[in-house]
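Me: Please take one part of this model and look at it closely. Start with the overall setting, then go down to single residues. Keep it brisk.

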Amino acid sequence: MGTGERLLRGDHLRASMDSGRWPRYMASVMGYITFAKTEPHLFSMLFMCDQSRDQRERMERQLQPIIELIARQLGMSADTTTAFHMHM
């Protein structure tokens, strides 16, 4: 796991989701926003540039718990949920 992934998953995303301040999906969004604010260059490098197929597949695996949560709560398919999440 790279530095960016550790920062995002370990510090920002998990802390936000465990805080209880927001519903879980909103908390995941807030974790990404916090990461973008505190590590703007790293965030840009990880999420705002062309990614290799391997990087996209790794990100999809990491997002799986969030996708499953949204799909369950909204009664949507995994494909529709993934498209929704990526658009948001």
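Reply: The accessible surface of the protein comes to about 6,200 Å². Carbon and sulfur atoms account for 55% of that surface. Areas come from the Shrake-Rupley method with a 1.4 Å probe; for residues, only the protein chains shown count as cover. This is a predicted model: local features need pLDDT of at least 70, side-chain atom pairs count only at pLDDT 80 or more, and totals for chains, interfaces and linings use all residues. Residues are numbered from 1 along each chain as its sequence is written, and side-chain values use heavy atoms, with hydrogens and water left out.

The protein has 5 helices and 0 strands. Its elements run α-α-α-α-α from the N terminus. Helices (H or I, at least four residues) and strands (E, at least two) are DSSP runs, numbered from the N terminus. Of the 88 residues, 30% count as buried. Buried means under 20% relative accessible area, exposed over 50%, and partly exposed in between (1.4 Å probe, protein chains only). Take contacts between residues at least 6 apart in sequence: 38% of them join residues at least 24 apart. A contact means heavy atoms within 4.5 Å.

Now the close look, at α4 against α5. Two packed helices are described by the angle between their axes and the distance between the axes. Helix α4 spans residues 53-74 and helix α5 residues 78-87; they pack at about 110 degrees, with axes 9 Å apart. That angle makes α4 roughly perpendicular to α5. Axes are lines fitted to C-alpha atoms, for helices over the stretch in contact, and angles run from 0 to 180 degrees between N-to-C directions. Under 35 degrees counts as roughly parallel, over 145 as roughly antiparallel, 65 to 115 as roughly perpendicular, and the rest as oblique.

From α4, the contact uses M59, L63, I66, I67, I70 and A71. From α5, it uses A78, T81, T82, F84, H85 and M86. By class, that gives 9 nonpolar, 3 polar and no charged residues. Ala, Val, Leu, Ile, Met, Phe, Trp, Tyr, Cys and Pro count as nonpolar, Asp, Glu, Lys and Arg as charged, and the others, Gly among them, as polar.

Look at T81, in helix α5. Its relative accessible area is 0%, so T81 is buried. Leaving out residues up to four places away in sequence, T81 touches I67, I70, A71 and M76. The T81 side chain also reaches the backbone oxygen of S77, at 2.7 Å.

L69 lies in helix α4. Its relative accessibility is 12%, so L69 counts as buried. L69 and T81 sit 12 residues apart in sequence and 9.4 Å apart in space, C-alpha to C-alpha. Neighbours within four places aside, L69 is in contact with R24 and Y25.

Notes: Polar contact = N/O pair within 3.5 Å; in protein donor to acceptor, adjacent residues only side chain to side chain.
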